[in-house]
Amino acid sequence: MQHIQSPEELEDAIQAPIALLYKHSETCPISAMALREVAHLAEAYPELPVYVVDVHAQRGLARGIAARFDIRHESPQAILLRDGAPVWHASHFRVTARALEAQLGERAERAAMSDER
């Protein structure tokens, strides 16, 4: 997992073919639980770039993500991006490794079906 600290790093993350943005609060126990879930996912899918934005230290970046993708700012929050566009997002107790894995599996199946056409 890579911590994003600048707008340039955020742009690099957004340009990836697929990436997970995770907005995290160091002061929130729900966020700590969600971070463990995201870490489990990162271990299971080492090829998936996972980017972490600290919502307190990088408040402008966190708010900018919400504005750019027209997704209400929440923390914790996971946003799955494909080709720079959000394809799924969840917050609070819905940020689980299982939910993220389901999205990755669903996206992989859809991509494979598109490639077959």
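Me: In which element is Leu81 found?
Reply: Leu81 is found in strand β4, which covers residues 77-82. This is a predicted model, in which local features need pLDDT of at least 70, side-chain atom pairs count only at pLDDT 80 or more, and totals for chains, interfaces and linings use all residues. Residues are numbered from 1 along each chain as its sequence is written, and side-chain values use heavy atoms, with hydrogens and water left out.

Me: Does Leu81 count as buried or exposed?
Reply: Relative accessible area decides this: under 20% is buried, over 50% is exposed, and partly exposed lies in between, with a 1.4 Å probe and protein chains only. Leu81 has 0% relative accessibility, so it counts as buried.

Me: With which residues is Leu81 in contact, leaving aside its neighbours within four places in sequence?
Reply: A contact means heavy atoms within 4.5 Å. Beyond those neighbours, Leu81 contacts Ile14, Pro17, Ile18, Ala19, Leu21, Phe69 and Pro86. The C-alpha atom of Leu81 is also 9.1 Å from that of Ala13, and these two are 68 residues apart along the chain.

Me: How do the elements of the protein run from the N terminus on?
Reply: The order is β-α-β-α-β-α-β-β-α. That makes four helices and five strands.

Me: What do the totals for the protein say about burial and surface?
Reply: The protein has 117 residues, and 42% of them count as buried. Surface area is taken by the Shrake-Rupley method with a 1.4 Å probe, and for residues only the protein chains shown count as cover. By that method the accessible surface of the protein comes to about 6,500 Å², with 51% of it belonging to carbon and sulfur atoms.

Me: What share of the contacts between residues at least 6 apart in sequence joins residues at least 24 apart?
Reply: The share in this protein is 63%. Gln2 gives an example with Val50: the two are 48 residues apart in sequence, and their C-alpha atoms are 6.3 Å apart in space. Gln2 sits in strand β1, residues 2-3, and its relative accessible area of 37% makes it partly exposed. Apart from neighbours within four places in sequence, Gln2 is in contact with Val50, Tyr51 and Val52.

Me: At what angle do the axes of α1 and α3 cross?
Reply: An axis is a line fitted to C-alpha atoms, for helices over the stretch in contact, and the angle between N-to-C directions runs from 0 to 180 degrees. Helix α1 (residues 7-15) and helix α3 (residues 59-69) have axes that come within 11 Å and cross at roughly 40°. Angles under 35 degrees count as roughly parallel, over 145 as roughly antiparallel, 65 to 115 as roughly perpendicular and the rest as oblique. The two helices α1 and α3 are therefore oblique to each other.

Me: Which residues make the contact between the two helices?
Reply: From α1 they are Pro7, Leu10, Glu11 and Ile14, and from α3 they are Leu61, Ile65, Arg68 and Phe69. By class, six residues are nonpolar, none is polar and two are charged. Here Ala, Val, Leu, Ile, Met, Phe, Trp, Tyr, Cys and Pro count as nonpolar, Asp, Glu, Lys and Arg as charged, and the others, Gly among them, as polar.

Me: What kind of peptide bond joins Ser75 and Pro76?
Reply: The bond is cis, with omega about 0°. Pro76 lies in the loop between α3 and β4. Asp70 is placed in the loop between α3 and β4 as well. Asp70 has a positive phi of about 55° although it is not a glycine, and at 71% relative accessibility it counts as exposed.

Me: What is the phi of His92?
Reply: His92, also not a glycine, has a positive phi of about 50°. The residue is in the loop between β5 (85-91) and α4 (97-116), and with 26% relative accessibility His92 counts as partly exposed.

Me: With which residues is Ile30 in contact, again leaving aside neighbours within four places in sequence?
Reply: Ile30 contacts Pro76, His92 and Phe93. Ile30 lies in helix α2, residues 29-44, and is partly exposed at 23% relative accessibility. Ile30 and Phe93 are 63 residues apart in sequence, with 7.1 Å from C-alpha to C-alpha.
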